[in-house]
Amino acid sequence: MSGPSDYQPSHPALKWIERRLPIMGFIHSSFVAYPTPRNLNYWWTFGAILSFMLAAQIVTGVILAMHYTPEATMAFRSVELIVRDVNYGWLLRNMHAAGASMFFFAVYVHMFRGLYYGSYKEPREVLWILGVIIYLLMMATGFMGYVLPWGQMSFWGATVITNLFSAIPYVGDSIVTLLWGGYSVGNPTLNRFFSLHYLLPFLIAGVVVLHVWALHVAGQGNPAGVEPKTEKDTVPFTPYATIKDLFGVSVFLLLFSWFIFYMPNYLGDADNYIPANPGVTPAHIVPEWYYLPFYAILRSIPNKLAGVIAMFSAILVLVFLPWLDTAKTRSCKYRPLAKQFFWIFVIVCILLGYLGSQPPEGIYVIAGRVLTVCYFAYFLILMPLLSRIEKPRPLPNSIADDVLAKTGSKVTPMVSTVIALMVAGGLFAGSVQSARAEDETPPSQKWSFAGPFGKYDRAALQRGLKVYKEVCSNCHALSYIAFRNLGDPGGPGYSEAQVKAFAAEYKIKDGPNDQGDMFERPGRPADYFPSPFPNEQAARAANGGAAPPDLSLIAKARSYERGFPWFIFDFFTQFQEQGPNYIVGILTGFEDTPPAGVTIPEGSYYNKYFPGHAIKMPKPLSDGQVTFDDGSPATVQQYAHDVATFLMWAAEPHMEERKQLGMQVFVFLVIFCGLMYFTKKKVWADAH
Amino acid sequence: MTTASSADQPTRRDFLFVATGAAAAVGTVATLWPFIDQMNPDASTIAAGAPIEVDLTPIAEGQDIKVFWRGKPIYIMNRTKKQIEEARSVPVASLKDPATDESRIKSGHDQWLVVIGICTHLGCIPIAHEGNYDGFFCPCHGSQYDSSGRIRQGPAPANLAVPPYQFVSDTKIQIG
């Protein structure tokens with residue numbers, strides 16, 4: 001990629017190969033001897049981080065495909081079985097799900113870096129456009145991957161996004177039917193999305209090769225924005241860039257691991273733990289965070305076709321960036337005005353993302369429109385204008401000069417910090433206002449399983465199981481839990497014999513036998529908890545029209561908004577106990593007489609914490625209903641706490657393993673990052 | 001990487017590089033394990049492979065049944081007096097995979113032969129009561145097993161395997 005290599009293998013066998021396929025010379029010239037500007041900062045390591053993430057996503061994805069079933073009636077369950085039964089399945093799934101977010105996070109940093117340092121300018125236009133193509137492919141891949149678990153958000157995300165194409169005049173509906181392979185989103189849609197989700201990453205990898213090729217032809221940009229002139233301006237790729245990139249990757253792994261091991265559901269949506277239901281749309285439907293700014297733009301336009309065009313234009317405008325910004329100076333470091341507007345643009349994007357996650361009403365709509373105008377104005381008005389009127393600061397003569405001069409750019413972080421604080425304050429004020437209107441959220445309980453060292457309370461799990469068995473199981477299934485799970489490490493801790501005895505109390509339908517008849521037999525550890533109703537219709541009919549949900553995943557499928565700024569603190573405190581809090585809230589939130597002005601329809605009951613307050617389930621627990629052997633108080637509060645603990649375990653049986661492994665990984669990574677830091681310093685000591 | 005600045009203290013520098021490299025190697029190997037172990041049978045497959053009980057009462061003398069345990073066909077054969085005699089009259093030393101008939105059954109239940117019905121050649125399923133030895137004949141490559149499930153003729157290298165099992169009562173066995 002950078003001219004003939006001077007690589008000369010010494011071993012005769014290598015010489016033999018090299019004469020016929022000069023692959024070692026190619027690698028040597030591209031990734032060893034390749035001259036890289038010596039002034040690159042850590043924003044430049046995100047290229048390597050992205051390569052790493054692409055590889056990680058492909059490897060974990062290929063593995064998940066070994067266990068996943070792309071079929072509408074089995075997809076949701078197969079994902080749950082991956083998490084529950086496959087060896088390290090929970091880890092691989094968390095890696096892939098969090099990996100998607102990390103991939104997008106890294107690509108946004110990479111893109112903003114390109115924007116700030118003018119990486120799209122001559123002679124790197126094609127390099128930049130290839131990047132935009134990769135980004136589009138990533139969006140398509142991420143979207144289709146999110147559909148595969150076939151939860152509520154998967155299903156309705158698929159419906160909403162494919163319906164975007166129905167805005168196309170005349171042929172829209174035909175295109176949508178073509179995408180679906182049916183008259184609605186269904187099994188054919190899932191099948192083709194699986195196929196394409198497997199295909200597209202390899203297309204991305206192909207375009208990445210072109211992207212790197214173009215990069216090695218034009219040469220890397222750099223913070224100074226002046227091209228390398230002499231040998232003093234560059235260092236060889238290996239070891240200098242290699243070690244720096246690897247250090248960047250290892251630090252990035254810390255963030256990645258935080259999500260994998262401690263916050264696996266932080267970026268997901270609780271609704272996606274509810275199996276897809278074509279009859280009910282989730283009350284508050286939002287895409288994954290990485291699409292939110294574009295979603296906000298879509299929603300700000302009150303016309304269907306115009307909204308879709310605006311959304312796609314918001315991405316396509318990036319293609320034209322090299323011709324919109326004609327300033328000769330590349331780096332914003334030397335463009336005082338462009339620099340300020342760049343940071344404002346970053347904030348506009350973040351705010352658009354925030355608005356995309358909020359309901360489209362009131363002030364949010366107006367703010368969305370203003371910011372959409374700002375977004376496009378940045379590219380279409382500001383950039384051409386600045387190119388003409390701005391007077392850039394003098395550039396350094398060479399990269400070597402830039403490194404030696406260490407130009408003081410202390411102002412930038414200060415300005416951006418001030419702006420960030422103002423934005424944070426604004427968001428805080430906004431959320432306080434919106435919080436007032438919102439319903440009361442369930443109070444936070446003390447949970448033994450919270451935090452990085454959290455463990456389930458065995459006694460509580462056993463009591464919770466008793467409450468489930470004696471009360472909840474009359475109406476609610478627990479179909480993802482097998483009796484054997486009660487003896488698994490990190491669970492209620494029953495012995496093998498106890499599990500067998502527990503299972504034998506149940507009658508399990510089996511068959512057909514040699515005569516072709518179904519029969520009942522005592523349960524075995526491998527059997528799953530039997531459901532109280534034979535099918536959903538029966539469950540609905542017996543419960544006044546509302547089917548009692550399966551409780552296996554309820555602790556992860558129910559949540560409530562934490563609001564700004566709490567959701568930011570939650571990331572650091574590892575708060576993720578909304579589910580169990582909500583369960584306790586529901587079980588203790590019944591009130592015989594609704595507050596004045598609230599009418600509850602016939603056959604429903606008032607519950608303080610149920611969305612809409614009218615719940616079809618009558619108050620299930622009362623004091624003294626279940627007797628505990630260990631002398632714990634027979635109160636509703638105790639029952640609720642214990643059954644919520646049990647249901648949290650049912651929803652995530654490997655939580656203890658996850659947190660324990662996480663601690664080991666963090667100890668290792670912190671030590672490794674330290675070693676990498678000093679190694680990098682030693683290596684670079686020669687260059688400075 | 002050999003430059004002037006490292007000449008004064010090469011050992012410290014080398015130690016750092018070796019330590020970093022070793023940590024990277026350890027981390028990579030540890031990370032690889034979950035990616036490999038995921039291919040092993042998952043918990044539900046292992047649970048489904050639990051022991052099974054089989055009632056022997058419906059199997060008359062000279063008949064056999066095929067049951068499945070861990071996805072493998074298990075032949076349970078109620079042998080005739082003639083079959084038992086044949087199996088015991090062969091000189092053990094002349095066999096390809098020498099084993100006495102007694103070592104392949106449970107004593108006191110001499111008529112019951114329980115073997116995994118998978119040819120030890122390449123995994124096909126031999127047909128019971130066929131071949132020259134009153135036992136099993138594999139249609140794939142012509143291996144023949146006798147009434148004790150021992151290899152007598154053909155390319156298979158070993159006798160039909162005996163699964164782990166025990167008699168729960170005189171008419172019931174537990175396989176696994």
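1. Let's begin with the domains of chain B. The domain assignment places domain 1 at residues 4-37 and domain 2 at 47-175; such bounds come from an automatic or database domain assignment. Taken over C-alpha atoms, the centres of domain 1 and domain 2 of chain B are 55 Å apart.

2. A word on how to read this. The model is predicted, so to speak with care: local features need pLDDT of at least 70, side-chain atom pairs count only at pLDDT 80 or more, and totals for chains, interfaces and linings use all residues. Residues are numbered from 1 along each chain as its sequence is written, chains are lettered from A and ligands numbered from 1 in the order in which they are written, and side-chain values use heavy atoms, with hydrogens and water left out.

3. What is the overall build of chain B? Chain B has four helices and 10 strands, where helices (H or I, at least four residues) and strands (E, at least two) are DSSP runs numbered from the N terminus. Starting at the N terminus, the order is α-α-α-β-β-β-α-β-β-β-β-β-β-β. Chain B has a radius of gyration of 27 Å, well over the 16 Å that the globule rule gives for 176 residues, so chain B is more spread out than a compact globule. That radius is taken over C-alpha atoms, and the rule is 2.2 Å times the number of residues to the power 0.38. Along the principal axes, the C-alpha atoms of chain B fill a box of roughly 90 × 35 × 30 Å.

4. Now look inside chain B. Among contacts in chain B with a separation of 6 or more, 51% come from residues 24 or more positions apart; a contact means heavy atoms within 4.5 Å.

5. Three strands form an open, antiparallel sheet in the order E1-E10-E9. Its edge strands, E1 (52-55) and E9 (165-169) of chain B, each pair on one side only. Neighbouring strands of this sheet are turned by 30° against each other on average, direction ignored; axes are lines fitted to C-alpha atoms, for helices over the stretch in contact, and angles run from 0 to 180 degrees between N-to-C directions. E1(B) and E10(B) (residues 172-175) share four bridges in the antiparallel sense, and two strands pair if DSSP finds at least two bridges between them. Here B:Glu53 stands opposite B:Gln174.

6. Which strand does E2 (residues 64-69) of chain B join through six bridges? The partner is E3 (residues 72-78) of chain B, running antiparallel. B:Val67 has B:Ile74 as its bridge partner. This hairpin has two residues between the strands, and B:Arg70 takes a positive phi near 55°.

7. Chain A is divided into domain 1 (1-30), domain 2 (295-393) and domain 3 (458-661). The centres of its domains 1 and 2 are 46 Å apart, over C-alpha atoms. In helix H2 (residues 23-31) of chain A, the buried residues are A:Gly25, A:His28, A:Ser29 and A:Ser30; the buried residues of H2(A) pack against helices H1 (12-20) and H9 (187-218) of chain A.

8. Finally, the largest nonpolar core has 110 residues, and among those touching the most other members are A:Phe104 and A:Tyr135. Such a core is a set of buried Ala, Val, Leu, Ile, Met, Phe, Trp, Tyr and Cys residues joined through side-chain atoms within 4.5 Å.

Key: Buried < 20%, exposed > 50% of the residue type's maximum accessible area, 1.4 Å probe, protein only.
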